[in-house]
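User: I'd like to learn how to read salt bridges in a model. Can you walk me through it?

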Amino acid sequence: MRVSKSFLNDYIKVDDLDFNEVANKMVLAGNEYESVEKISEATGIVVGHVLECEMHPESKKLHICKVDLGNEVVQILCGAPNMRQGIKVPVATVGAKLPNGMEIKKAKLAGMDSNGMCCSLEELGIESKYMSEEDKTGIHVLPDDAPVGADAIHYMGYDDEVIDFELTANRGDLLSILGMAHEIGAIYNRPVTYPENQPKVLKENINDNMTIDVQTENCPIYLGKIVKDVVIKDSPEWMKERLMASGIRSINNVVDISNYVMLEYGQPLHFFDKDRLGDKVIVRMAEENEKLKTLDGQERTLKTSDIVIANEKEAVALAGVMGGLSTEVEMDTKNIFVEAAIFEPIHIRYTAKSILRSEASSRYEKGIDPNRTKEALNRACYLLEKYADGKVYDGILTHDKTSKEDKKIEVTLDKINAVLGMELKKEEVIDVFTRLGFKVKENHAVFHVSVPTRRLDINIKEDLIEEVGRIYGYEHVVGKLPVLETKEGSYSKKELLTKELHHRLQGLGLTEVITYSLVRKEDVNKYTNYQNEDITLLDPLTEDRKYLRKSSIPSLLNVWEYNISRNQKNVAIYESGNIYYKENEEYIEKPMISGLLYGIGTNNLWQQEKIVVDFYYVKGIIENIMKYLGLNNRYSFDTNNLPKEFHPGRSCALLIDREVVGYFGQVHPTDCKKEVYVFELDLLKIMSHKVRMVKYKEVSKYPAIHKDVAFIVEKKITSKEIMDVLKHVGGRMVTNIDVFDVYTGENVGANEKSIAYSITFEDATKTLTDEEVMKVFNKMIDEVESKLNARVRDK
Amino acid sequence: MIEELNTLKQEIKNKVDQTTSTKALNEIRVEYLGKKGPIQSLSSKMGSLSIEEKKEFGRSLNTLKTEVNELLESKKQELEKKELEERLQKETIDITLPSTELTIGGVHPITKIINEVEELFVSMGYDVVEGPEVELDLYNFELLNLPKGHPARDSQDSFYITDEVLLRTQTSPVQARTMEANKEKKPIRVICPGKTYRRDNDDATHSHQFHQIEGLVVDENISLADLKGTLEILAKTMFGEDREIRLRPSFFPFTEPSIEVDVSCFKCGGKGCSLCKGTGWIEILGSGMVHPNVLRDNGYDPEKYTGFAFGMGPERIAMLKYGITDIRSFYTNDLRFLNDFNRVEGGE
């Protein structure tokens, strides 16, 4: 809402106030603004009279002009096509500053001196949408009676200051200059005056000429008047200036009056060509697929939720949103039917959403004061009489079901102070209500407040408390901490686990990323075994963000690709976020921990030392997490049923107590040619496996004995199979088994491999003898040989 | 024989002087002081001497032994010192060569902000709670005093999944869920971080996905002064001890009064600069006293209970705090960007 100082000053005295200060005080009362600006910020512009105008002998465009600036006559060169002798124009004198930052200096143009510049509106900083056709292509021509030498910006009213407010959705009342006047009046404690709105009326009464039939509850008030014999012409300059300051383009006096009154009162009006409208006005809901050609020439297909104004023949306007073409006021219109009505906000909102949001519809959506409808109607007739030579019929065509009564709300001083945490006195509270223009009676510290209908946002005592707080000033609230029962704050078990995993993964060298939950169709079913229904947006912004993801891995691959294409050699990232799907009509969100590794783990270029990320690197991360979570000896790996985007030979499922909790491994070469490793673990499944408290087991005081052995086995035998036999036979005496070499090549058969193990034997109660150890060790070897068809290498 | 001792002494001294390593020195020790060495053989010859001579020779022999030992010891120390110096010299490396690159991970700046806020509020007795991202219109809007068709829904253009299900546009539905879940209608003190979504095209200042942190306190006798005091602590924790806050009236359908909170500009200290657009204040969050309709609709008697709620955007806090100019940076995940946050911050 743009509020001009001169416009506002008609209803509340503000011309003595610094408008920036007004804006800042409004902020502290809850009304933010975008800017405070003059219509034109140009300085040094005076009214000049073009005494002589000749074409430059060597130029097809330039005029050589002698311009009277009041105190001197100067030569100015001007290229505007509409420059001519005798006109008055705004002249930027030497030293003048234009809104685009240009400073006017003496100049030589085509060899001639030029002492200033004749200005177009564009050069004065006016948007082209407010300009006439002549103004769009040339300099601005001032009226003949403009005083030569005067400040042209002031003369045109362009020094008017404008605050551009960004209002909250509840303050529909501030979408009017009068509403603004009341608000500023409350802040500065100044009275508000209402405009003159009593036209002289004819003997003819509208009610003898027209009838009204409101067939819907969605129009609580509908008032109309007839103004005949209007003369359509340009609006007076002051009205044009005020409309421009308010962001509305001037059309002609009649259209402008409709907008002007809407700005004043916040009550949208609609003017019909009375002769085309006919004698009966009907307000009803549209029929399904009913057609209406609106002002902009488009044929609209209506819905039953749209409210229409109709005559006996057809719908003639979309109520509150846009007029119809057939009854539009045109240059030849003589007689006008003026409508002032209120329509149900929700219906206007839906209609406006599908057709057009306008100044009128946005006011209807936020609510209109029923006490202003008649006032605005009369004001419009008054202005039509005054500025369009109209003659106003007596009487008002009336349908009115609205209540005009003030709202009565009670609130106690104690409640006000309890909510605000302040210690206000009765008088201070009464002062606030009085400033706001609310009538108030106080009885034993209970305030009985009458809230005028213009304040649609105030309905309960808490609303009144807010009024007291914001007008009295929240700067008076002294902060304190709430007095509450002392208790320990807490995190949920899931959050605690997530935090642990964050720390661990960061310690292991992974950087956290956060990606979008919404993905494209191609990605939604990748890297997951959930075959459940996707969750899809009804109205996505783009096809790329239409589905809720079922795995974070595609997003991590995007992050990988982004970074690789920016010359990052190594990527180690993880994400903690949800995946989503629908199951049995329920929306499921599952927290996952996912990661991606690529390139080199640790690196020292000049010493040629590095650890390249491979399957075992990722497995190391997974195992590290499992052990950290106390799940040692409870997890295992399985290569069955992998999601198809995993490399089948270099990936596996992670199981805890035989339940699959996630997958990890290399990305399938068809999805990514580079060797990228990924993992995704289900947080809730991990959490469901309960872990005991740490129980200290004394470390053995007796020395450990290490034995090494290398087996040659068929390639298909896995290390785990050998390890299982070794562990089983070794029993409690074996405390650790490491793999320290894997070999395939010349020294073993083509279909064979060698795996070497280092086995640790320990007893917590005694020193083991070599004899005892060898007995077990040999048995372990025998078992591996016999069960897995292995032979010991280099024995 | 005394002469022999002197000769021997001179011989040892010469040898020791010429020695350059502790190893050779040890060989000298073994050669002369060992069982088969000349000193031992001289002492074994003592038997042929008279008692007087024995006495004198014995003394001289002992003196020689002591002197040789001292000689060896001092030479040993001298050599050891020299050898240590040589070793250190030899082992000296160019410490300016690059280090081994240990990959250390790091936290995302949004998580970092959320963690800071959570820790502060947990220390004040708040519980961290969560709610679903796929939310019912009921919780996201209706139970928050935003019925269908309410104009305030405009500012939160939503991604709907069905007419009644949407991606939550705010973390505020957790307010309704928390109150509803509290069957005994006991006091509430919670903080709720999470992802939120709005139907905005992504640009430098808008993101269709973002985060919020919601706070809610419901108890008897909760006032706006309690809200202000709580947020003062938050502002100081996030932006520094010298910060002040300003409460500005605003409008949210689920709070009454509704308050926007500004923090005094941490760049200019409140004098006015480009960051605060000359006002000295920067908006950081929205808040207010829980609307009586919200309390009532969720089973709390508004005549008995009051409460305050606040909601902030960690993206906005991070952008302000670290001078990030494009909100999309948080979701692009350029590792060079993320690595900048991978360290401890030391106050002002």
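**Reading the salt bridges**

Analyst: Let's begin with D724(A), which is partly exposed at a relative accessible area of 38%; buried means under 20%, exposed over 50%, and partly exposed in between (1.4 Å probe, protein chains only). This is a predicted model, where local features need pLDDT of at least 70, side-chain atom pairs count only at pLDDT 80 or more, and totals for chains, interfaces and linings use all residues. Residues are numbered from 1 along each chain as its sequence is written, chains are lettered from A in the order in which they are written, and side-chain values use heavy atoms, with hydrogens and water left out.

User: Which side chain meets D724(A) in a salt bridge?

Analyst: The cut-off is a side-chain nitrogen of Lys or Arg within 4 Å of a carboxyl oxygen of Asp or Glu. Here K720(A) is the partner, at 3.1 Å, N to O. Both sit in helix α20 (residues 719-730) of chain A, four residues apart, about one turn; helices are DSSP runs (H or I, at least four residues).

User: Are D457(A) and R455(A) buried or exposed?

Analyst: Both are buried, and they form a salt bridge with the closest N and O atoms 2.9 Å apart.

User: What about E142(B) and K148(B)?

Analyst: Their side chains meet at 3.0 Å, N to O, in another salt bridge. E142(B) is partly exposed at 31%, and K148(B) is too, at 34%. Elsewhere, salt bridges that share partners join R171(A), D173(A), E183(A), R455(A), D457(A), E467(A) and R470(A) into one network.

User: How many salt bridges are there over all chains?

Analyst: The count is 78.

Key. Helix = DSSP H or I, 4+ residues; strand = E, 2+ residues; numbered from the N terminus.
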